[in-house]
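User: I would like to learn how to read a few features of a protein model. Please take them one at a time.

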Amino acid sequence: MKGVEVATTGPMMRLVAEGLDRQFTLRPFPGPEGLDAFLAEAGPRIRGLATSGGHRRVDAALMDRLPNLEVIANFGVGYDTVDAAEAGRRGIVVTNTPDVLTEEVADLALGLILATIRQLPQADRYLRAGKWLGGPFPLTATLRGRKAGIIGLGRIGKAIARRLEAFGVPVAYTGRRRQPDVPYPYHATPVELARAVDLLVAVAPGGAETHHLVDAAVLAALGPDGILINVGRGSVVDEGALVEALRAGTILTAGLDVYEDEPRVPAALVAMDHVVLLPHVGSASVHTRDAMGQLAVDNLVSWFSGKGPLTPVAETPWPRPA
Ligand code: 8YV
């Protein structure tokens with residue numbers, strides 16, 4: 001497939017960059033200052049695009065510059081930086097990397113839940129600072145007796161729910177709609193869910209539909225013993241309201257892997273010792289990132305071999321209507 005020009009919108013992991021380079025004529029986007037000239041020259045020849053969260057948005061304006069674009073392969077299950085509806089309207093296929101990261105992100109979520117409730121990073125810091133010699137680490141909150149509420153019971157949400165059940169924690173959920181095939185109680189809104197639980201786990205995708213689903217009212221409903229965990233998208237939580245709620249003791253604490261403006265994390269959060277903050281590492285093991293990268297490459301190879309996309313997103317009408 002050398003000769004088929006495939007562009008990357010930003011830095012990709014080596015497996016992806018090398019995989020694409022082997023198969024296609026790879027055209028990495030230059031920095032912002034060179035992008036306009038690059039698109040003017042190469043844009044009309046580019047037929048495939050590989051992109052990822054943290055790169056520039058793949059929106060209508062960019063698609064206008066790529067008039068022969070056929071397929072956009074997103075590295076990541078969340079594809080909120082791709083305007084997939086617009087791509088769909090143009091007949092451009094969008095793929096993502098589902099399934100291969102489900103268990104990894106769910107593992108991380110449980111790690112973050114335990115780290116946050118039992119204050120594991122703080123305990124580690126305590127020991128390293130030599131404070132144990134002066135007395136034991138203070139007693140912490142507990143997972144025992146908690147009820148968990150999951151916002152976004154998709155593939156990863158279900159994998160988290162299974163783990164919580166194994167930990168003896170009852171699960172409830174909210175989402176776009178009630179799912180008839182799941183055994184957990186459904187609450188129609190995040191506020192209702194938050195009122196019923198004291199451990200709220202957000203694992204919803206980003207985008208307009210979920211923007212600030214967790215706001216001041218949800219945090220108030222979660223209550224002073226409540227713990228918020230977010231492993232989905234930062235935009236799902238109103239970060240300003242969260243800082244306020246943590247300051248005021250409206251909720252007990254939070255464990256976050258995702259933020260509204262990554263990699264920038266509000267200084268107010270960083271200054272709070274009881275909050276656990278991870279740098280968006282949910283899927284970040286070598287094993288899982290390799291699987292995601294391979295799936296992104298395989299989607300492009302499959303498309304350009306005439307076999308269609310392997311994992312098209314919901315907005316991609318595939319098989320395409322005749
Ligand atoms: C990645 C993710 O960190 O898959 C996702 O949606 O958020 C993560 O697995 C990200 O997509 C790539 O940087």
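User: At what angle do the axes of helix 1 and helix 12 cross?

Analyst: Helices here are DSSP runs of H or I with at least four residues, strands are runs of E with at least two, and both are numbered from the N terminus. Axes are lines fitted to C-alpha atoms, for helices over the stretch in contact, with angles running from 0 to 180 degrees between N-to-C directions. The axes of helix 1 (residues 14-23) and helix 12 (286-304) cross at roughly 25 degrees and come within 9 Å. Angles under 35 degrees count as roughly parallel, over 145 as roughly antiparallel, 65 to 115 as roughly perpendicular, and the rest as oblique. Helix 1 and helix 12 are therefore roughly parallel.

User: Which residues make the contact between helix 1 and helix 12?

Analyst: Contact means heavy atoms within 4.5 Å. Helix 1 brings Leu-15, Val-16, Gly-19, Leu-20 and Gln-23, while helix 12 brings Asp-290, Gly-293, Gln-294, Val-297, Leu-300 and Val-301. Ala, Val, Leu, Ile, Met, Phe, Trp, Tyr, Cys and Pro count as nonpolar, Asp, Glu, Lys and Arg as charged, and the others, Gly among them, as polar. By that scheme the contact of helix 1 with helix 12 has six nonpolar, four polar and one charged residue.

User: What should I know about the model and its numbering?

Analyst: It is a predicted model, where local features need pLDDT of at least 70, side-chain atom pairs count only at pLDDT 80 or more, and totals for chains, interfaces and linings use all residues. Residues are numbered from 1 along each chain as its sequence is written, and side-chain values use heavy atoms, with hydrogens and water left out.

User: How are helix 5 and helix 7 placed relative to each other?

Analyst: Helix 5 (residues 102-117) packs on helix 7 (residues 155-166) at an angle of about 50 degrees, with the axes 8 Å apart. The pair is therefore oblique. The contact of helix 5 with helix 7 has nine nonpolar, one polar and five charged residues.

User: Is Glu-5 buried or exposed?

Analyst: Buried means under 20% relative accessible area, exposed over 50%, and partly exposed in between, with a 1.4 Å probe and protein chains only. Glu-5, in strand 1 (residues 5-8), is buried at 11%. A polar contact is a pair of N or O atoms within 3.5 Å; within protein, one must be able to donate a hydrogen and the other to accept it, and residues adjacent in sequence count only if both atoms are side-chain atoms. The side chains of Glu-5 and Arg-45 form such a contact at 2.8 Å.

User: What caps the N-terminal end of helix 10?

Analyst: Asp-238 does, with a side-chain oxygen 3.1 Å from the backbone nitrogen of Gly-240. In helix 10 (residues 239-248), the buried residues include Ala-241, Leu-242 and Val-243. The buried residues of helix 10 pack against helix 9, strand 9, strand 10 and helix 11.
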